[in-house]
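Student: Could we go through the charged side chains here, with the reasoning behind each label?
Tutor: Gladly, have a look first.

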Amino acid sequence: MSRWLERFRPYLMVAPAIIVFVLFFIYPIGYMIYLSFHEWDFISPDKQFVGLDNFAGLSEHPEFLKSLENTFVFTFFSVGITTVLALLLALWINRPTRFYGFVQGAVFSPHIISLVSIAMLWMWLMDPQYGLLNWGLEMFGLPQSQWLASPETALYSIILVAIWKSIGFNTLIIIAGLQSIPPHLYEAAALDQSSRFTSFAKITFPMISPTLFFLIIMNLIGSFQVFETIDIMTQGGPLQSTNTLVYYIYEYGFRFFQLGYASSAGVILLIVLSILTVLYFFLMSKRVHYQ
Amino acid sequence: MAEIRFENVKKTYGEDTIISDMNMTIKDGSFTVIVGPSGCGKSTTLRMIAGLETQTEGNIYIGDRLVNDVSPGKRNVSMVFQNYALYPTMSVKGNIEFGLKNRKVQKAERQKLIEEVAEIVGLTPYLNKKPQKLSGGQRQRVALARAMVKKPDVFILDEPLSNLDAKLRQQMRSELVQLHAKLGTTFVYVTHDQVEAMSMGDEIVLLDQGEIMQMAPPLDLYNYPANRFTAQFIGTPPMNLVSVDQLPSAGFREKAVEQIGFRPEKAKLRHFPGNDQFSMPCTILNRETLGSEIIYQLDTFAGKLYAKTFNEPVVDDEQLFVSVNNEDIYYFKENGRCIAPYFNRETPIKVRSTV
């Protein structure tokens, strides 16, 4: 008896974690893949097997293709601009004085505010008639924008909010990366007559590149799943201009109750995210450790 | 090649004075070691020569050039850092080449210089490796090569051996001395280790609390300490000091002598008082047998004293006398200044005790 217990004790110990993982991660994913080959309306008892029909439907559905395109545009600009701006900001405010400490705190603060509040706040700021942004543009004599109200600018307005929300966190992580660079390296570079630009290109940038890479992959994964801001601010509109992959899945699954169809879109998302994750682990294992 | 001159140099951080009014001339082509306890300002002194710190007051000259406002890269000074500060993202070759590239040296010329120094420090097979693939000793050599390749006027080294193990340190010590002889450049070397200072330097600057205690060649520092601090810092174990108040009779008061001192290696352990002027009864508290030498810790009525013997049989009697030749005794005034042992030799020190 006791030997039996001895042998199975480790399995018993990890069992709770495994059960939760299987029940809430593996099973739903498996069930989603299963559903993607079926047609189901959430209520009827029988699920009709349709093979690859759902995927074929997706590939012909302009709304889906538009949402995919929007997701890529959103991801490209929000991740690209966030990373570049965060790097510049980090280089600027990474100083030990009290003033810069305050700036760091201020830049970080959007990160701790709920995305729902941020979305509401920006909706108000971006209101074409009464919004603060248009008022500001008018004051400087600049042309006003329709912001969320026009299909041309809605997606970029959402991108602006996403950047504003994530830049603080990114900046902080980059600052941590910058601070882990030994100061002696810069002294050695000063004695080597290195210019500021050379020091950045040859020392700073290579030293923080693992940090930047980590941030970019994390931001990519996050951006692909953008949902809350869309749901609150535009509901995918106007004219599908802000419809993204996750919002598309949500609409077809839980508004139109086409579970099988939504699941097949979910599988597409899963594949994209899996590729990013594999890429991340693959490159992380190859990355140079500077110690 | 250049001498380095400090003129009334002062360095403060806020309220704290690190260096107060330093004046010294480091001779051209010398191997000068700056030594002192931690926090004495030796690294600051070094960094001021390199230009990594700016002095609060005073002038620093390298050669004939006043370098107060010259940036580190333009001082023609090379530095070897304590933790080497190699660029981890560059290969060994890249590390050595970096300074040359920034100086816009032509490619063919760079290649020649790199091969030259790599040969000198024995790094030729490792040129394409990254520093983190190398051992501590090899990294040290990369740091040296990077410093040498610029052919600097002044070579400064900040505790370069402290990250190496004891055996390698010994080896690098003699290599550095040979390297200095070969290059003939002015070397300024900072260490907290008096053994390193004594064995490598041909000139030692002893610092304490931002002041130069003494600047002299190693043997002069050992034989003619200017003050109590020098006497106690140089030599292991440190010089024994006995307050004159502890001595039964003496005419030191008039001459303002406060303490007398003698080196442990000059102390003699005897079974009888002997004829020496200084002689005290003692008991052995502790014995460190190091092989060729033995260090005794002695208990006397004047406090604990050290004695050191070379190639002599172990003494293990309980009751002994410690005595010192008159010419081996140093006299210290109240302000800590040493009145050299050559002062007033004929004055007998009657400390023979009856205890």
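Student: What makes B:Arg228 and B:Glu258 a salt bridge?
Tutor: The closest N and O atoms of B:Arg228 and B:Glu258 are 3.0 Å apart, and a salt bridge is a side-chain nitrogen of Lys or Arg within 4 Å of a carboxyl oxygen of Asp or Glu, so the pair qualifies. B:Arg228 lies in helix H8 (residues 228-233) of chain B and B:Glu258 in strand S12 (residues 257-262) of chain B, so the pair ties together parts that are 30 residues apart in sequence. Helices (H or I, at least four residues) and strands (E, at least two) are DSSP runs, numbered from the N terminus.

Tutor: A word on the source: this is a predicted model, where local features need pLDDT of at least 70 and side-chain atom pairs count only at pLDDT 80 or more, while totals for chains, interfaces and linings use all residues. Residues are numbered from 1 along each chain as its sequence is written, chains are lettered from A and ligands numbered from 1 in the order in which they are written, and side-chain values use heavy atoms, leaving out hydrogens and water.

Student: Why is B:Arg228 called partly exposed?
Tutor: Its relative accessible area is 23%; buried means under 20%, exposed over 50%, and partly exposed in between (1.4 Å probe, protein chains only), so B:Arg228 is partly exposed. B:Glu258, at 26%, is partly exposed too.

Student: How do you know that A:Asp192 and B:Lys150 form a salt bridge?
Tutor: Their side chains meet at 2.7 Å, N to O. The pair crosses between chains, from the loop between helix H8 (183-191) and helix H9 (196-224) of chain A to the loop between helix H4 (136-148) and strand S7 (154-158) of chain B.

Student: Why is A:Asp192 called buried?
Tutor: Because A:Asp192 has a relative accessible area of 2%. B:Lys150 counts as buried as well, at 11%.

Student: What makes A:Glu6 and A:Arg9 a pair within one helix?
Tutor: Both lie in helix H1 (residues 2-35) of chain A, 3 residues apart, about one turn of the helix.

Student: How many salt bridges does the rule give over all chains?
Tutor: The count comes to 14. One network of salt bridges links A:Glu187, B:Lys11, B:Arg47 and B:Glu53.
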